[in-house]
Amino acid sequence: IWPLPGTNQPRQTFVLNKVHGELFFNPGDQWELRSLEAQMLGAQVRIRGDIANASLIRDWKLPIKERKDPREPERDFWHEFLTQANKVRAIAPPEVMAVFALDARDLRSLDATVKIMTPAVESPWGAASNVTLIVRVLPPARSNDAVQAEIRLAVDQPRTPWGAATNLQLTARLEPSLTDPFPTNGTLRLELLRPRTPWGEAGRFTLDARTTPIATNPAARLTT
């Protein structure tokens, strides 16, 4: 159970049920998480991974954000997240599978893939079937490069109050940040097959978007 801080809202918690797993401490300072399973928010979660130089975890220094007034809206982000998440209904428990590899000497070495699947989902904002979301974090190819993240979302029969489609494909590549909510660099493509709205329809719709740092600030080339 992970209680969430808050000021003006009822206390909420992340709850993990039926937690079990196996962690092996192998020779050469290698940790092997052979399995970790739990239930959270109605989903079945499975995680496995490997950590090299694991004893160096104790030396990690994660970014510290400046403390802000707890009355500010962002302090209630996780409360709002849980409130909205509880409005989503799946016809079968979603599956969440994560695999990772990490060298504890450098957090930027993380190579991780998270896959979320559900046969169908309904919410106040819409519904869809055969939902598959894959998120991958890639270590930088060179020491001066930024960490990369790839996102792939595939959905059949997406339906919202504003329209519907036969198929939805979303792909994105971003430079995530540990300290900022939005990435500095990124590309995104959204493709809809046979989109339909009250105002019209089409055989195919494609949207491409790109985010880049401000040209006058070369130091912002990398997300920090």
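Predicted model: local features only at pLDDT ≥ 70, side-chain atom pairs only at ≥ 80, totals over all residues.
Me: Is Glu-150 buried, partly exposed or exposed?

Reply: A residue counts as buried under 20% relative accessible area and as exposed over 50%. Arg-173 has a relative accessible area of 35% and is therefore partly exposed. Glu-150 has a relative accessible area of 23%, so the class that applies to Glu-150 is partly exposed.

Me: How many residues apart in sequence are the parts that Arg-46 and Glu-95 tie together?

Reply: The side chains of Arg-46 and Glu-95 meet in a salt bridge, with 3.7 Å from N to O. Because Arg-46 lies in strand 5 and Glu-95 in strand 7 (residues 95-103), the pair ties together parts of the chain whose separation in sequence is 49 residues.

Me: Which residue is linked with Arg-46 and Glu-95 in a network of salt bridges?

Reply: Arg-46 is partly exposed, at 33% relative accessible area, and Glu-95 is partly exposed as well, at 34%. A search of the whole structure finds seven salt bridges, and the network that links Arg-46 and Glu-95 also takes in Glu-37.

Me: Is Gln-44 buried or exposed?

Reply: Gln-44 is found in strand 5 (residues 43-52). Leaving out residues up to four places away in sequence, Gln-44 touches Glu-37, Ala-38, Gln-39, Pro-94, Glu-95 and Val-96, a list that includes Glu-37 and Glu-95 of the salt-bridge network. Its relative accessibility is 18%, and since the limit for this class is 20%, Gln-44 counts as buried.

Me: Which residue of strand 5 stands opposite Ala-38?

Reply: Strand 4 and strand 5 run antiparallel and are joined by eight bridges. They form a hairpin with two residues between the strands, in which Leu-41 takes a positive phi near 50°. The residue of strand 5 that stands opposite Ala-38 is Val-45.

Me: Which turn residue has a positive phi in the hairpin of strand 3 and strand 4?

Reply: Strand 3 (residues 17-26) and strand 4 (residues 30-40) run antiparallel, with eight bridges between them, and Asn-17 stands opposite Gln-39 in strand 4. The hairpin that the two strands form has three residues between them, and the turn residue with a positive phi, of about 80°, is Gly-28.

Me: About how much accessible area do Leu-16, Val-19 and Leu-36 have together?

Reply: Val-19 lies in strand 3, and with a relative accessible area of 48% Val-19 is partly exposed, which is over the 30% that a patch residue needs. Together with Leu-16 and Leu-36, Val-19 forms a nonpolar patch on the surface, and the accessible area of the three together is about 240 Å².

Me: How far apart are the closest N and O atoms of Arg-34 and Glu-32?

Reply: Side chains of opposite charge can pair when their charged atoms come close. Arg-34 is partly exposed at 41% relative accessibility, and Glu-32 is partly exposed at 21%. Arg-34 forms a salt bridge with Glu-32 in which the closest N and O atoms are separated by 3.2 Å.

Me: What distance separates the C-alpha atoms of Gly-126 and Thr-160?

Reply: Gly-126 has its place in strand 9 (residues 126-138), and apart from residues up to four places away in sequence it touches Val-121, Arg-159 and Thr-160. Gly-126 and Thr-160 are 34 residues apart along the chain, yet the distance between their C-alpha atoms is 4.1 Å.

Definitions and conventions. Residues numbered from 1 in each chain as written. Heavy atoms only, no water. Helix = DSSP H or I, 4+ residues; strand = E, 2+ residues; numbered from the N terminus. Buried < 20%, exposed > 50% of the residue type's maximum accessible area, 1.4 Å probe, protein only. Contact = heavy atoms within 4.5 Å. Pairing = 2+ DSSP bridges. Patch = residues over 30% accessible without salt bridge, like charges linked within 9 Å, V, L, I, M, F, W, Y side chains within 5 Å. Areas by Shrake-Rupley, 256 points an atom, 1.4 Å probe, with all protein chains shown as cover. Salt bridge = Lys/Arg side-chain N within 4 Å of Asp/Glu carboxyl O.
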